[in-house]
Amino acid sequence: MLDIMSKINEFKMSRRAFIGWTSAIAVTTAIPVSRGLVAKAENNIGIAETDGEGIWKTAACWHNCGSRCLNKVLIKDGVVIRQKTDDTHKDSPDFPQQRGCLRGRSQRHQVFNADRLKYPMRRKNWKPGGGKKELRGRDQWVRLSWDEALDIVATETKRIIGKYGNESIMVTGGDANIRNAMSAIGGFSACYGSSSWGAWRWIWENMGIGEGLIVNGINDRIDLRNSQLIVLWGANPAWSTMGSVTYNYLQAKKAGARFITIDPIYTDSAHVFDADWIPVRPGTDDALAFGIMYTLLDEDDPAANPLVKWDFLDKYTIGFDEAHMPEGADPKDNLKDYILGTYDNQPKTPEWASEICGVEPTKIRELAREIGGTERVALLTAWAPARIANGEGWVQAFSALGMMTGQMGGSGKMTGVSCWEYAGNMGPFLLTAGGKGLPSITNPIDNLINENEMWDAVLNGKFLQRYEKERNVNIQFIYHNYENHLQTRSNIAKGIKAHHKVEFVVTNAYALTTNAKYSDIVLPVATQWETAGAVKGGNREILINWSKIIEPLYESKTDQEIAEALLKKLGKDPKEVFPITAEQQYFNQLAGSMVMKENGVDYEPLCTITAQDIKEWGVEGTPQKGRITLKEFVDTGIYQVPRKAGDNFGFIAYKDFIDDPEANPVSSESGKFEIYCKAINELSKTAYSEIAPIPKYEVKVHGYEATFEDWESRKKGKYPYQMINPHYLRRSHSTLDNVPQLREAWPNPVYISRKDADEKGIKDGDTVLLSNEYAKSLRPAAVVETIMPGVIGLPHGAWVDIDEKTGIDRGGADNLFVPHIPKGLGSSGFNTARVNFEKWKGEPLEEDVKWEQRIIKF
């Protein structure tokens, strides 16, 4: 039995309950099966169960799933015995409960999973300078004390800085604790990417539009009910955005809205909303948009059949036609003439578009008439269609379609990104969390390595500094914290090569993630259930507060504790970076939380805080008057602003601009919506490839045309299928993929159309070999009628599991197949891949729920 039994702060036993671990065998490696796990928590926090069964506390559901929901745990005799979601008030369309999904409800199976990392570890064949670096990913592990582990990290950090400079350290992940600590010792090379945004990430501001997160680009959920037609373009809220989003869309449907989904897959959202499905090839959405815009121009009659909103284009945009070009621009370089093919002799007709996007010309014309002929349309896209290597043209084209039809700035009219926590419900936040009160530590190193180049930068020593020029860099130390970059960024195989090259790799992790697996030193990190607490926003109407549920398990430490301990080893005073405790930071967030007043303009403190509260918390603070007591917010775990039609919290994107464009200019250089955007073109000249100032169709990196050996003759090539990587209910990106209960519920197949499967003699459940020039992987086939022929769907986020003998992955890791080719402004191309597939002739793949977990035994 492990010696943790002697450590009172790791496990405390109770005879009255038992935690449902993943299996009895796994449990025996951690704790006696007859006993439970005490959840140390303050007795004065939480709400008692009505039958006296225990105390309900709000626990973190912290993952980047695309939402933020209420997650409650029931604690009895110190044991977490059950979870539930929001039941704090009666559910209604105007005041919906913030209900969690199957991932959030399985959170305890992640926190208490048998594969939790228990102790600091080092790779057996590691030595200063790397040792046998080629064994990363398959070496054995040696248990260390924290003192030993931190000594190694500090010693190697000093050695590498002394030999190569601080620029040789690359820190990944967004957690501020390690980043601030490394900044305090001289800095590091940082990496950046477009992540979920895709091509929306860096062009929206120059065009004068919102991108779905930083700037609001669509109306709120109450106004969504005023839309007559809702077009979900590459958006699947039923899978990708949890909480009340799908429920909000249903209210619009009940109010009479028609739905259309444009997607390679007939999604669950299409089914729920009874939508007309228009299947489109990945990466060709802009071609479809051009075919629609051509039809609008071709069939528009301002008197008898008004499809184009000329008044809108005239007053609010620049660059649509020759008469509205900015000063100094070539008049011929306008969107209207590009669509009509006036100068390039290629009209963007539905027939032209159909050859590329796969939508029949008659359907394109029908879609154009629907959009152009409906008064109030919500043109809503997710980030997914722009999550391609050179997708800026799609962002430009989609936005121009909304401007061309005038579907912006009015009730029921909207064009923009609808996803993540803001799907179908944008506007100023009605609640905001306070800051932690920590100082900002500036990174002295200004290296910014694009994530499309990060592995090349390690392997080749060069990268393009953002909007400057090429730089040399010698990365020898990779510190992974918080995020799982090796798993979730493009071309995992190249990333593994990069990890085999550097001298030192360290990862903070709660389980043996892909980052951790290929590291030299792994430091066990506490989950959010084991930290002081936090206040987090979700959709614009809620604020969630979660509390500590348990003390850090085994020998795990919080990110801040790790950073503080490392600073000490490096001879720095941790108080310079972390002058206040984690508990004080939590209290600061609570004290600084604000709620909008009924007037819809001003804010007031959310929590009333008394001198007695401050004394009981043992923190510094000032008494204040708020809307609810501090105890009520902490006990309940959520505050939600009720909504109703006609209240002062309604929001219509761009309304101020539409009402008075002179007084309320948008963010572009001209102050108008820029269909012709010189700034984008100029910016791209300092990046990876030039972007036209107007929307233009560009062949995509590893897009549809790349599946052909010869496009002109339409002869298919070696990799004739397109792969998309939809978000999946089994996990949030790669997080939760190790939870057996979720593996059982969602088995992670590859989705193949019936037509393509029949051509290859593949039946449902057969093991399939996926391949392209970067990787090979095995997956069970799910043969369906609901995916476009020529397209296969490999769900995003499965943990890579490469057989060292064959080089074949058996996990179904999607980013193995994604090319590492920066284009445009450097957006990441997670939905850009061409592949082949065939029936596997070897041993059938075992269901991954039956696989052994990555449990480290010493």
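Trainee: Where does histidine 702 lie?

Mentor: Histidine 702 lies in the loop between helix H25 (678–684) and strand S30 (708–710). Helices (H or I, at least four residues) and strands (E, at least two) are DSSP runs, numbered from the N terminus. This is a predicted model, in which local features need pLDDT of at least 70. Residues are numbered from 1 along each chain as its sequence is written.

Trainee: What makes histidine 702 count as buried?

Mentor: Buried means under 20% relative accessible area, exposed over 50%, and partly exposed in between, with a 1.4 Å probe and protein chains only. Histidine 702 has a relative accessible area of 11%, so histidine 702 is buried.

Trainee: How do you know that asparagine 491 is buried?

Mentor: The relative accessibility of asparagine 491 is 4%, therefore asparagine 491 counts as buried. Asparagine 491 sits in the loop between helix H17 (485–488) and helix H18 (492–501).

Trainee: What is the phi of asparagine 491?

Mentor: Asparagine 491 is not a glycine, yet its phi is positive, about 55°. Most residues other than glycine have a negative phi. Histidine 702 also has a positive phi, near 55°.

Trainee: Why are H4 and H20 called roughly parallel?

Mentor: The axes of helix H4 (residues 176–184) and helix H20 (residues 559–569) cross at roughly 15°. Axes are lines fitted to C-alpha atoms, for helices over the stretch in contact, and angles run from 0 to 180 degrees between N-to-C directions. Angles under 35 degrees count as roughly parallel, over 145 as roughly antiparallel, 65 to 115 as roughly perpendicular and the rest as oblique. H4 and H20 are therefore roughly parallel to each other.

Note on methods:
Predicted model: local features only at pLDDT ≥ 70, side-chain atom pairs only at ≥ 80, totals over all residues. Heavy atoms only, no water.
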